[in-house]
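Please look over the sequence and the model shown below, and keep them at hand while reading.

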Amino acid sequence: YSVLSVGAVPGARRLVIIEGLHQQSWAKYALWYNTAGELVITGGEKFYGLVHANCPFWFQNDPEFFEKCTSAASTFSGSTNNVTFHAGFEMGVPSNSMAAINFSRLLGDAGMVVTGLTCITFTNSNMRVTNARMGWTNQAMAIPSNGLIYVKSVKSGYSTIPGDAKVAGVLDGRLTITADNDIYITNRIQYAVHPTNGSDDALGLLAGRDVVVASSCPANLDVHAHIMATGSKTASAGDGSFWVQNYNTRAPSGNLNVYGGIAQNDRGPVGTVYNNGDLASGFKKNYVYDTRFANNPPPCYPTLTNEYEWSAWREKSIVVDLW
């Protein structure tokens with residue numbers, strides 16, 4: 001939207017125009033965390049986008065924040081003596097809730113709706129889809145024109161078949177996958193062109209419960225996506241996590257390279273470390289924010305309640321006749 005404001009004094013009017021006014025997207029966050037307890041941030045972690053927690057932070061050693069770090073809490077634990085805040089640290093800010101995400105609207109807007117377990121493998125600008133209820137086995141098809149797929153849970157007799165998605169492959173395009181239940185990452189997810197090389201590819205993964213790195217994934221896993229594990233469509237405490245299957249029994253697997261962002265209701269585990277910091281099982285975190293998402297999120301991505309941003313403003317004076 002554009003907003004025009006006109007003010008008049010004798011002999012002149014002034015016109016101020018704000019351009020590109022829009023609601024901000026959840027994709028503006030490099031890391032967003034909700035649940036009670038504390039969000040532990042430790043040495044060596046670097047955050048290139050906005051970081052927010054509705055709960056208190058616990059700072060350890062020397063993490064570095066290149067954009068603003070905020071908390072809805074009024075206190076924090078640990079020490080900030082060695083923490084670098086390039087854009088400041090603010091407490092007591094308003095909180096947001098992923099419960100406000102309108103899944104019904106996303107369902108209505110989806111360019112493709114499927115029910116039950118759905119496996120999606122990106123093959124550059126197309127995809128292969130397996131869904132038993134639809135009779136598809138590696139069915140080749142194009143990415144929906146509006147870039148939104150919805151995987152829906154469905155009643156079957158007295159039971160419910162959960163809307164789960166399994167996702168992997170190389171994406172050349174822009175897409176958001178929304179699932180009523182879980183999204184499983186089953187192998188590498190990469191863009192055809194890396195964001196640092198001028199890519200226009202974008203992926204959003206939005207789960208009603210969890211986003212899970214499956215045990216089938218290789219070591220040193222790349223995940224190019226903005227991830228939201230909301231927990232808002234299920235009732236169990238602790239739902240809404242991004243986590244790794246068998247994180248505490250899986251062999252040490254190097255880095256989990258997420259290039260995008262993560263919003264989760266309850267921070268999930270991805271690995272374990274020894275007291276000296278060496279990896280004992282699962283993955284070490286290597287999370288880098290995709291700065292393109294601050295102003296250009298994945299398609300149809302949920303917006304934040306009552307948060308707006310404008311891209312530019314200009315002003316000009318207008319001389320008028322006096323009567």
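Is N246 buried, partly exposed or exposed? With a relative accessible area of 42%, N246 is partly exposed, where buried means under 20% relative accessible area, exposed means over 50%, and partly exposed lies in between, for a 1.4 Å probe and protein chains only.

This is a predicted model, in which local features need pLDDT of at least 70 and side-chain atom pairs count only at pLDDT 80 or more, while totals for chains, interfaces and linings use all residues. Residues are numbered from 1 along each chain as its sequence is written, and side-chain values use heavy atoms, with hydrogens and water left out.

## Two asparagines with positive phi

N246 is found in the loop between β27 (242–244) and β28, and its phi is near 55°, a positive value in a residue other than glycine. Strands (E, at least two residues) and helices (H or I, at least four residues) are DSSP runs numbered from the N terminus. Phi is also positive at N124, another residue other than glycine, where the value is near 65°. N124 is found in strand β15 (residues 118–124), and with a relative accessible area of 40% N124 is partly exposed.

## Aromatic rings

Rings of Phe, Tyr and Trp (its six-membered ring) count as a pair if their centres lie within 6.5 Å, and a pair is stacked when the planes are under 30 degrees apart, edge-to-face when they are over 60, and tilted for the rest. By this rule the count comes to 13 aromatic pairs. One of them joins F57 and F59, a stacked pair with 5.2 Å from centre to centre and 10° between the planes; both of these residues are buried. F57 also pairs with F89, this time edge-to-face, with 5.9 Å from centre to centre and 85° between the planes. Because F57 lies in strand β8 (residues 57–59) and F89 in strand β13 (residues 89–91), this pair ties together parts that are 32 residues apart in sequence. The relative accessible area of F57 is 0%, which makes F57 buried, whereas F89, at 23% relative accessibility, counts as partly exposed. One aromatic cluster is formed by F47, F57, F59, F65, F76, F85 and F89.

## Cysteines

A disulfide is a covalent bond between the sulfur atoms of two cysteines. Taken here as a pair of cysteine sulfur atoms within 2.5 Å, it does not occur in this model, since the structure holds 0 disulfides. C69 is in no disulfide, and the nearest cysteine sulfur, that of C55, is 11 Å away. C69 is buried, with a relative accessible area of 0%, while C300 is partly exposed, with a relative accessible area of 35%.

## Cavity and pockets

On a 1 Å grid over the protein atoms alone, a cavity is a set of points where a 1.4 Å probe fits but cannot get out, a pocket is an open set with protein on both sides within 12 Å along at least five of seven lines, and lining residues have an atom within 4 Å of a point. Grid points are joined across faces, edges and corners, and a volume is the space filled by probe spheres set on the points. Nonpolar residues are Ala, Val, Leu, Ile, Met, Phe, Trp, Tyr, Cys and Pro, charged ones are Asp, Glu, Lys and Arg, and the others, Gly among them, are polar.

The count comes to 1 cavity of 30 Å³ or more.

| Space | Volume | Lining by class |
|---|---|---|
| Largest cavity | about 80 Å³ | 9 nonpolar, 2 polar, 1 charged |
| Largest pocket | about 800 Å³ | 14 nonpolar, 9 polar, 6 charged |
| Second largest pocket | about 320 Å³ | 7 nonpolar, 3 polar, 2 charged |

Among the residues that line the largest cavity are F47, Y48, Y287 and Y289. The largest share of that lining, 4 residues, comes from β28, and β4 (29–33), β6 (46–47), β28 (255–264) and β31 (284–289) each supply at least two residues.

The largest pocket is lined by 29 residues, of which T42, E45, R267, K284 and K285 lie nearest its centre. For the lining of this pocket, the largest share, 5 residues, comes from β31. The second largest pocket is lined by 12 residues, with N102, R105, Y301, P302 and T303 nearest its centre, and helix α1 (residues 103–109) gives the largest share of its lining, 3 residues.
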